[in-house]
Amino acid sequence: MMKKTYKIASVLLVIALVLVGCAPSQTSSDSEGKLLVYTTIYPLYEFASQIGGSDTEVRLMVPAGSEPHDYEPSAKAVGAIENADIFIYNGSGMEPWVDSLLGSVSNDDLLIINATSTMDLLSIVETENDHEDGEEESDHHEGDTDPHVWLDPLRAVQMAEAIYDGMAAMDPERTQVFKKNYDELVDALKELDAAYEKALMNPSNANIVVGHAAFGYLTQRYHLNQIAIAGISPLEEPSAAQLGKIVDVVNELKINTVFYDALTSGKLSNVIATETGVAMVPLHPLGSVTQQDLDAGKTYFTIMYDNLEALKKAVQ
Ligand SMILES: [Zn+2]
């Protein structure tokens, strides 16, 4: 009698151990077996959503419409990444908080993708106003790079490639689906590049005045010249003297448009437009898109084509 009880107990113990032993290996993805992907800024979110398709759960960390250069992750965001399969960030200085975030995450199975790690990047050129009149030093230092790669459609192709490679590595069974979605995305990006190339080929005036220095890769790709009112982040505002210099440049170069960042009130652009009498027009830096715009069906692509229409008029 005693003996039989022992035997049943040990069988139950073995079953329990087998169940416990199996559990962790099944739950790196969520219960439906979908990849759970965290992305930092909007363009990564859209590209990852498109490549992952309906079999992947993609989440955006920088909330819709909030200033991406000013974001700090909450403790809740850190906790969420503990359960993620993939974390995708822009790199190139866009998310100065990433090292400390990842330092406090203990998810050993997390695949971390820096979307610009293999990219040819532009250095930040220090402008005169960075050190003028004993102002505070900016957060940027020599050797820092411009993070706004997504505004160049061909660098966006490289971002898509980094995302695709990561998803295929983490969920090899769905590689074919990811590849098909990735190919469609790349085709759309190449079409976008061709439209920019064609429309901006022979500008009457290649100089564009923009709200903050977000358009360095775009202007490099299409042979335009960016004159930025604020620095690499909209938080780096110019001095009064620097604004005065931009007013002079607009007059001297006969520039017909002053752009402002679509997410901001554009008060500095307004100062220049008022002084010079030229048009003030929004140009979208796309680091973040408002919920209102998303609800209205706007995407990376519709906004890039809207930007192109605005640019065409400005360089005519
Ligand atoms: Zn920016």
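**Parallel strands and their helices**

In strand S4, Asn114 is the bridge partner of Tyr89. The structure is a predicted model, in which local features need pLDDT of at least 70, side-chain atom pairs count only at pLDDT 80 or more, and totals for chains, interfaces and linings use all residues. Residues are numbered from 1 along each chain as its sequence is written, and side-chain values use heavy atoms, with hydrogens and water left out.

Strands here are DSSP runs of E with at least two residues, helices are runs of H or I with at least four, and both are numbered from the N terminus; two strands count as paired if DSSP finds at least two bridges between them. Stepping back, four strands make up an open sheet with parallel pairing, in the order S2-S1-S3-S4. Its edges are S2 (56–60) and S4 (111–114), each of which pairs on one side only. From one strand to the next, the twist averages 20 degrees.

Helix H5 (residues 153–170) packs on this sheet and touches S1 (35–39), S2, S3 and S4, where contact means heavy atoms within 4.5 Å. The direction of H5 makes about 170 degrees with that of S4; axes are lines fitted to C-alpha atoms, for helices over the stretch in contact, and angles run from 0 to 180 degrees between N-to-C directions.

Another parallel pairing links S5 (residues 207–212) and S6 (residues 225–230) over five bridges. Within this pair, His212 stands opposite Ala230 in S6.
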